[in-house]
Amino acid sequence: MISDTLNTAGAIAKGMATTLKELFQPTITEDYPFEPPNFEGRFRGVHVLQRDANGLEKCVACFLCAAACPSNCIYIEATENTGDNRVSAGDRYAKVYNIDYNRCIFCGYCVEACPTDAITHGHDFEIASYETGTLVYRKEQLLAKEPQGAPAK
Amino acid sequence: MTEAETVYRPHPEDHTFLDSNEIVINMGPQHPSTHGVLRVVLRLDGEKIIGSECVIGYLHRGVEKIAENRTYVQFNPYVDRMDYAAAVSNSLGYCEAIEKIMSVVAPPRAQYVRVILTELNRIASHLLWLGTHALDIGALTPLFYCFREREEILKIFENYCGARLTTHSFRIGGLQYETYDGFEKQVNVFCDDFLHKVDEYETLLTGNRIWLQRTKGIGVISAEDCIQYGVTGPVLRGSGVKWDIRKAMPYCCYPDFEFDIPTGQNGDTFDRYIVRMEEMRQAVRIIKQAVAKIPDGPIMAKIPKVIKPPVGEIYHSIEAPKGELGYLVVSDNSTQPYRVRVRPPSFVNLSALDIMIRGHLVADVVAVIGTIDIVLGEVDR
Ligand code: SF4
Ligand code: SF4
């Protein structure tokens with residue numbers, strides 16, 4: 001009986017000592033949302049459609065990403081580039097490029113499939129919304145910013 | 001039979017005193033300690049359980065049916081969503097099954113990286129189990145410590161493949177991503193640190209009187225019952241059966257490593273706890289060996305661009321953190337599987353819940369659900 005009590009007290013003391021020790025360890029939690037969270041380099045977030053050095057869109061509307069996508073969430077409409085309306089470096093460009101984030105599972109297949117490295121994963125992740133309609137992202141929302149000093153079109 | 005009859009089917013051998021005060025209560029599907037959307041219909045005599053029935057399907061997404069409408073490659077990310085606490089294991093099982101049916105072998109480097117990540121995932125899954133299981137029983141502290149170490153593992157995953165939970169880290173034929181700079185170092189640092197951390201969890205729990213009283217002799221299942229019900233994983237080993245697919249039917253490059261299979265004797269909640277704690281230590285042992293001799297070379301085998309396995313069917317199983325995870329794949333030589341059937345460990349282990357909780361109190365149901373370590377995403381699929 002007495003040894004039982006002593007054992008219990010000993011076990012509690014040992015547990016408490018562990019807790020006390022941890023009290024003096026450095027903090028490891030992040031202060032999100034007051035501070036931006038830390039992401040590792042390969043983090044797969046909301047996609048970014050890249051531009052090349054001249055500010056032209058890299059996407060040539062080849063539909064490979066849409067074909068690779070397991071959840072069929074990429075919708076593309078292709079149009080020919082013309083002399084006075086040159087949007088991409090190739091023959092065609094994506095007039096409409098939608099990604100439906102209701103369905104996207106961030107698997108990365110589209111990024112792997114793209115022959116021109118046009119579509120990449122960014123680090124944005126705050127896309128929660130009360131309205132599913134706003135989760136269909138258009139090309140304008142996905143495109144990277146035009147580089148500074150790009151030649152005027 | 002109507003649904004009500006199936007659920008409240010009386011068990012002829014159980015009678016309450018004068019059949020007067022039998023109560024039927026619902027535990028779940030919205031209950032914090034059923035670890036998801038599991039509904040357990042309990043038949044009680046006072047607080048004593050005289051029968052139970054699990055009602056599942058609240059998380060059913062038809063994963064197996066989805067497989068029939070996707071190509072082999074496209075289905076790969078979906079398997080991560082079954083046991084989301086151990087996505088890497090799911091992926092390993094699926095990729096190896098398809099490789100087996102195509103008669104392809106992943107290159108050695110890919111296999112080593114696979115083992116490292118899978119074992120890390122085993123630790124992560126056990127940590128999640130330990131934290132929540134202890135929390136259910138009333139020990140709040142281990143949760144924070146477990147999640148702290150789990151975070152380290154998830155950082156390695158994020159660094160390696162860009163996602164923390166539904167990692168989608170393996171591809172049919174090998175790996176998509178080469179390891180990043182400092183991968184070996186980060187894994188080694190984690191392993192060295194982690195062994196002390198396991199001791200720390202044990203300090204908090206193993207000798208604790210409340211922990212012992214809540215776990216010793218609770219949810220006892222005999223080895224024969226385990227085998228009859230097809231229970232695998234730590235639950236089976238807790239009952240004293242030395243069965244681990246990594247040793248019994250080796251896959252990947254597990255024969256290259258030395259490790260022990262911990263077993264218990266009594267088949268109670270406490271023994272299963274000890275088995276899982278020891279499994280984490282053994283996982284560290286495997287990881288350290290793998291990191292030490294990780295070979296150079298390609299990470300992807302030569303596989304055709306369009307995967308069309310020959311006609312046939314194959315069953316491949318691996319030792320997931322929760323037990324035997326098997327895939328039966330039937331191919332009709334098209335780009336999409338004819339049928340994919342998953343043998344999920346959680347689902348099979350859950351079938352033994354009834355015999356484990358009979359005669360115990362309501363509070364013990366929580367302990368037993370925790371100790372079986374189910375993930376409802378895998379039970380319902
Ligand atoms: S990340 Fe996957 S699901 Fe999302 S758009 Fe790309 S291929 Fe489709
Ligand atoms: S993003 Fe890439 S893969 Fe998709 S249509 Fe454009 S160029 Fe092709």
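**Domains of chain B.** I began with the domain assignment of chain B, which gives domain 1 (3-55) and domain 2 (71-380). Such bounds come from an automatic or database domain assignment. I noted that this is a predicted model, where local features need pLDDT of at least 70, side-chain atom pairs count only at pLDDT 80 or more, and totals for chains, interfaces and linings use all residues. Residues are numbered from 1 along each chain as its sequence is written, chains are lettered from A and ligands numbered from 1 in the order in which they are written, and side-chain values use heavy atoms, with hydrogens and water left out.

How far apart do the C-alpha centres of domain 1 of chain B and domain 2 of chain B lie? I read 30 Å. The contact (heavy atoms within 4.5 Å) takes 20 residues from domain 1 of chain B and 18 residues from domain 2 of chain B.

Next I looked up the buried area. The size of an interface is often given as the accessible area lost when the parts come together. Here the term means the accessible area (1.4 Å probe) that two parts lose on being put together, summed over both. For domain 1 of chain B and domain 2 of chain B I found about 1,600 Å². Carbon and sulfur atoms give 65% of that area. On the domain 1 side of chain B, His35(B), Glu47(B) and Ile49(B) supply 38% of the area buried against domain 2 of chain B, more than any other three residues.

I searched this interface for salt bridges (a side-chain nitrogen of Lys or Arg within 4 Å of a carboxyl oxygen of Asp or Glu). The rule finds 0 between domain 1 of chain B and domain 2 of chain B. I then counted polar contacts. These are pairs of N or O atoms within 3.5 Å; within protein, one must be able to donate a hydrogen and the other to accept it, and residues adjacent in sequence count only if both atoms are side-chain atoms. The count between the two domains of chain B is 4 residue pairs, both residues at pLDDT 80 or more.

Which elements give two or more residues to the side of domain 1 of chain B that touches domain 2 of chain B? They are β2 (39-45) and β3 (48-55) of chain B. Helices (H or I, at least four residues) and strands (E, at least two) are DSSP runs, numbered from the N terminus. β3(B) gives the most to this side, with 6 residues.

**Chain B against chain A.** I moved on to the chain interface. 32 residues of chain B are in contact with 25 residues of chain A. About 2,400 Å² is buried between chain B and chain A, and carbon and sulfur atoms give 47% of it. Gln74(B), Glu158(B) and Arg209(B) supply 21% of the area that chain B buries against chain A, more than any other three residues.

I found 1 salt bridge between chain B and chain A. In it, the side chains of Glu112(A) and Arg171(B) meet at 2.3 Å, N to O. α3 (72-79), α6 (141-161) and α7 (183-205) of chain B each give two or more residues to the side that touches chain A. α6(B) gives the most, with 8 residues.

**Another salt bridge.** Over all chains, I count 30 salt bridges. One joins Arg164(B) and Glu151(B), with the closest N and O atoms 3.1 Å apart. Arg164(B) lies in the loop between α6 and β4 (170-171) of chain B and Glu151(B) in helix α6 of chain B, so the pair ties together parts that are 13 residues apart in sequence.

**Ligands.** I listed residues within 4 Å, heavy atoms counted. 13 residues surround ligand 1, with Cys69(A), Ser71(A), Cys104(A), Cys107(A) and Cys110(A) the closest. Around ligand 2 there are 14 residues, and the closest are Cys59(A), Cys62(A), Phe63(A), Cys65(A) and Cys114(A).

**Backbone notes, chain A.** Phe63(A) has a positive phi of about 70° although it is not a glycine. I place Phe63(A) in the loop between β1 and α2 (64-68) of chain A. The peptide bond from Tyr32(A) to Pro33(A) is cis, with omega near 5°.
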